[in-house]
Amino acid sequence: MNRILLFHLILFSSVSLVGCGPSGAFDTAPVHGTVTFDGQPVTEGTIDFTPIAGGDSQMTGKPAAARINEDGTFSAGTYGDSDGVVPGKKRVRYSAPLPEDTRENANKAPSPFTGLQIEPSEIDVQAGDNKIEFVLKKSK
């Protein structure tokens, strides 16, 4: 009887330890700031952060994203809203919102930020706080 109890105790402990491990998750660092166009806050859209492989490392992290608030501020997240970005070099891309494809939106004008490019288009996220001021510019 004690052997069976000991076996189940060891099995339960092993399964519990596997479940509590880092499970491949990367650490993140806060990335926040503002987005402007012609000196005014950008009021809509999203920013995507895509890892850039560097050197010999195959570990590039995970992509992250941020929704731009009406005051032009953003706070990026990898696993959830605003939980930060995995440190390392990232390619940055801005996307203007698209109206839903509905009959009511058939004559709706596209976002005034459609087709704009974000600068800088690459960043290096460091451990610790990362405050970044992005600027949208017209494509050349």
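Which strands each supply at least two residues of the lining of the largest pocket? Select β4 (64-67) and β5 (73-75): those are the two that do. Keep in mind as you click around that this is a predicted model.

**Stop one: the pocket.** Now select T46, A65, A66, R67, N69, F74, S75, A76, G77, G80, D81 and S82, and you have the lining of the largest pocket. Its volume is about 200 Å³. Colour the lining by residue type and you'll get four nonpolar, six polar and two charged residues. β4 is the top contributor here, with three residues.

**Stop two: T78.** Next, go to the loop between β5 and β6 (88-95), where you'll find T78. Is T78 buried or exposed? Its relative accessibility is 14%, under the 20% cut-off, so T78 counts as buried. Show its side chain: a polar atom there sits 2.7 Å from the backbone oxygen of G84. Then bring up the residues T78 contacts beyond four places in sequence: T28, K62, P63, A64, D83, G84, V85 and V86.

**Stop three: the core.** Select I47, F49, F134 and L136, which have the most contacts inside the largest nonpolar core, a group of 24 residues. Two or more residues of this core come from each of β1 (31-37), β3 (46-51), β4, β6, β8 (122-125) and β9 (130-137). In soluble globular proteins, nonpolar side chains tend to be buried together.

**Last stop: F49.** Zoom in on F49 and show its contacts beyond four places in sequence; among them are V31, P63, I123 and F134. The list also takes in A65, A66, F74 and A76, residues you already selected in the pocket lining.

Note on methods. Residues numbered from 1 in each chain as written. Predicted model: local features only at pLDDT ≥ 70, side-chain atom pairs only at ≥ 80, totals over all residues. Heavy atoms only, no water. 1 Å grid on protein atoms, 1.4 Å probe; cavity = no way out; pocket = protein on both sides within 12 Å on 5 of 7 lines; lining within 4 Å. Points joined across faces, edges and corners; volume = space filled by probe spheres on them. Helix = DSSP H or I, 4+ residues; strand = E, 2+ residues; numbered from the N terminus. Nonpolar A, V, L, I, M, F, W, Y, C, P; charged D, E, K, R; others polar. Buried < 20%, exposed > 50% of the residue type's maximum accessible area, 1.4 Å probe, protein only. Polar contact = N/O pair within 3.5 Å; in protein donor to acceptor, adjacent residues only side chain to side chain. Contact = heavy atoms within 4.5 Å. Core = buried A, V, L, I, M, F, W, Y, C linked by side-chain atoms within 4.5 Å.
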